[in-house]
Amino acid sequence: MSVANPDRDVDLQGTYAGIITRLSGFAIDALVVLGVFVLAGEGFDYIMSSVFGADVHLRDAPWLSGIVLAAWAFFYCAYSLAAGGRTVGMAIVGLRAVDRDGAELTGRQAVIRVLVTPLSFVFFFAGIWLILIRRDRRALHDLIAGTAVVYGWDARAARLRFLAKQPASSSS
Amino acid sequence: MAIDPISQPSLRRTRRAALFDTLKEDATAILQSVVNEVAPTVVNAIDVGEVVDRVDVQSVLDRVDIEAIIARVDLNEVLSKVDVDHLVDRVDIVRVLVRLDPVVLAAIVNGVVSQMDLNPVIEKIDLNALMARIDLDSLLERVDVNRLMERTELGPIIASASSGVAGEAVDAVRSAGVGLDGFVHRWADRVFRRPVGEARGPRLLIHQPGEAAP
């Protein structure tokens, strides 16, 4: 099993993405959302105590924290998808969400996709397993929103970087 | 009893015929000498040009049934007697081509080229020998790199390709992810008894087999 294969990666651009990269992107997004939320929560607590002199901690209000976290996660994912077709996690692993025909994602599709994503994780991740079962590798939230996820990064530039690193004797 | 030969009738007839032959030959010789003397004078006296002028050529031609003549001609037989190779050898092709209208010439060349099977020609070309004769250094010196960069997407590619360690790390992560995807989905294809690696992509992003590119 080859790991780095730039020529293969160039050919795969625009094809349906697999389950490993999709879950990796999701995990990175989850870390980003939680990390930013924690940092923002700490910042909020600090500002409330230092500026207003109030001893307020967000962790003391779990329902409110949950609602804020959900709103933040929704905003982060929906805005990223609507603006560029990818979240930070998807961009890092080289994924792009598109319309099921391959066209750019609309704002409506982005919002629906983010809202129904939790459904894919219920019943033992049944909606996620669809990525392995279906030939077009679309999860439940993709089917509902009419979207698909494809490989989409600048693989040609990556290939040039890879070739530039090779010794002159092996590249000739 | 002696026989008088003159009195014999057959002998008399023979002598008479010989006499007539002699007279006829003499007369012919005299007539020939007269004709030889007179004919040139007569011919010189005739104005051939005037005679030709008096001939009504059009009426002569009107009486000629050209179609009937043509109908009686066996063209196949005529053509079979023509030595085409010899005829072609005598044709100066270059002169013919020079006189042709460039549009007609281009149409002929296109027609010929479209019917040619170039594969045998290409197979005979020794690309290595051809490349060996090309002076790539002098060729590259003539390339205007700045114009090339402006007209192609090389600029952005080189700019993005020259990023640092972080870019290389991301490249490695992406490539590894794709490799793991391929590994997992190959097994999934085997489990579900599907043709391995059949998954392609959305219609607008991937040229599907048997379908025109979007």
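**Close-up views of a predicted two-chain model**

**View 1. Strand pairing in chain A.** Within strand 2 of chain A, Val149(A) is the bridge partner of Ala97(A). Strand 1 (residues 95-99) and strand 2 (residues 147-151) of chain A run antiparallel and are joined by 5 bridges; pairing requires at least two DSSP bridges. Helices (H or I, at least four residues) and strands (E, at least two) are DSSP runs numbered from the N terminus. Because 4 of its 5 residues are buried, strand 1 of chain A is largely enclosed by the rest of the structure; buried denotes 20 or more other C-beta atoms within 10 Å of the residue's own, with C-beta atoms placed from the backbone.

The model is predicted: local features need pLDDT of at least 70 and side-chain atom pairs pLDDT 80 or more, whereas totals for chains, interfaces and linings use all residues. Residues are numbered from 1 along each chain as its sequence is written, and chains are lettered from A in the order in which they are written.

**View 2. Helix 2 of chain A against helix 14 of chain B.** The two helices pack at an angle of about 130 degrees, with axes 7 Å apart; axes are lines fitted to C-alpha atoms over the stretch in contact, and angles run from 0 to 180 degrees between N-to-C directions.

**View 3. Helix 8 of chain B.** Helix 8 (residues 102-115) has 14 residues. The number buried is 0, so helix 8 of chain B lies largely in the open.

How values were computed. Expected span 1.5 Å × (residues − 1). Buried ≥ 20, exposed ≤ 12 C-beta atoms within 10 Å, placed from the backbone.
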